[in-house]
Structure formats: C-alpha cells, structure tokens
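Please open the structure in your viewer and keep the selection tool at hand, as this tour moves from one selection to the next.

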Amino acid sequence: MQQSQDICPTCQSPLKPPEETPSGKRLQRCSKGEWNSETRKTEGCEYLKWLNPEPKKLDEVCPKCGEPLIMAVTRTGKKMKKCSTSGWDKDQRVATGCDYIEWVNGSSKELDEECPQCGEKLVLFTTANGKKMKKCSTAGWDREQRIATGCTYVQWLRAGEEE
Ligand SMILES: [Zn+2]
Ligand SMILES: [Zn+2]
Ligand SMILES: [Zn+2]
C-alpha cells in the first residue's frame with residue numbers, strides 16, 4: 001500500500017516500506033534511521049510513522065471480565081469501546097479474547113418531530129464521524145441478540161443541513 005506522504009518530514013528522505021513490530025503494529029521508518037535492537041535505540045533519523053494509531057486505553061473496565069477498555073475506531077470511522085483483551089486471529093479469522101464491545105454513539109438530541117412510521121419522537125443523531133441523521137427514539141440495539149430493535153425509521157441529513 002503506497003501512501004502519498006512517503007517523505008520524512010524531519011530530513012526529507014524517503015520513508016522505508018511499512019514494517020511490522022513483533023507486537024503486530026505497523027510503522028514506517030525514515031530510510032536514514034535504523035532500529036538497533038541491541039541498544040534498543042534508533043540510529044540516525046528518529047522519525048517514524050505509526051500506521052495504526054495505538055488504541056487509547058480508557059479509565060473504564062470491561063463489565064464482562066474487568067480488564068481495561070480501549071477506544072477503537074473502525075475503518076469506517078465508527079468509535080467503539082472494546083475490551084483490551086480482545087484480538088483478532090488473522091490465520092483463523094476469528095476473534096480472540098473477550099468479545100465485549102460498546103459502540104460509542106455520537107450525540108443525540110430529541111427533536112420536536114414525530115416519526116412518520118410510528119408517531120414517536122424523532123431524535124437528531126450525530127455519528128462519531130460527524131454525519132447527522134434523524135432516527136426514531138424507539139430504535140435500539142439488542143446487545144445479547146445483536147439485532148436492531150424498535151422502529152427502523154432513519155433519515156440521513158446532507159452535510160451542513162441542521163434539523
Ligand atoms: Zn528522516
Ligand atoms: Zn472483557
Ligand atoms: Zn418510529
């Protein structure tokens with residue numbers, strides 16, 4: 001995967017191809033820098049770019065297993081809290097560890113409008129990546145069964161369009 005900014009901002013040298021750390025994180029180093037595993041220091045240019053930002057550890061613990069939760073962002077920009085013990089087995093394509101996930105909802109605001117489907121109130125919902133939609137206040141998510149519950153009415157708003 002070639003990225004557009006493959007130039008070191010520190011010394012203007014090209015970056016090396018992405019490499020993977022033993023813990024599975026990906027980074028790119030400056031071609032003028034070299035990791036010395038004996039001294040555990042970078043020699044030469046110290047610039048490096050993390051390709052997957054490290055998940056942020058939260059001050060909350062997993063309700064299932066008591067381990068810390070971390071904030072993760074999906075490829076589509078949705079935010080969720082998940083258990084720090086959870087992982088992904090690339091070979092077997094299965095999730096490992098604790099499977100607790102809590103989606104972080106953007107903000108929601110109750111509107112003075114009624115749902116055209118069921119007559120309940122609508123809420124203005126802002127997703128974690130800034131998109132806005134109106135949805136029915138009865139809509140919910142059954143975590144046990146992993147299905148949407150309640151009314152399914154959703155109306156996406158165009159960018160910049162407020163209620
Ligand atoms: Zn450099
Ligand atoms: Zn857990
Ligand atoms: Zn409704």
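Predicted model: local features only at pLDDT ≥ 70, side-chain atom pairs only at ≥ 80, totals over all residues.

Residues are numbered from 1 along each chain as its sequence is written, and chains are lettered from A and ligands numbered from 1 in the order in which they are written.

Begin by selecting the four strands of an open sheet, which lie in the order β12-β13-β14-β17 with antiparallel pairing (strands are DSSP runs of E, at least two residues, numbered from the N terminus; two strands pair if DSSP finds at least two bridges between them). Residues 108-114 (β12) and 154-156 (β17) are the edges, and because each has a single partner strand, one side of each is left without a neighbour in the sheet. From one strand to the next, the twist averages 25° (axes are lines fitted to C-alpha atoms, and angles run from 0 to 180 degrees between N-to-C directions).

Next, select β12 together with β13, which run antiparallel and are joined by four bridges; here E114 stands opposite K121 in β13. The two strands form a hairpin with six residues between them, and G119 in the turn has a positive phi of about 85°.

Finally, select residues 121-126 (β13) and 132-136 (β14), an antiparallel pair with five bridges, where L122 stands opposite C136 and F125 has M133 as its bridge partner.
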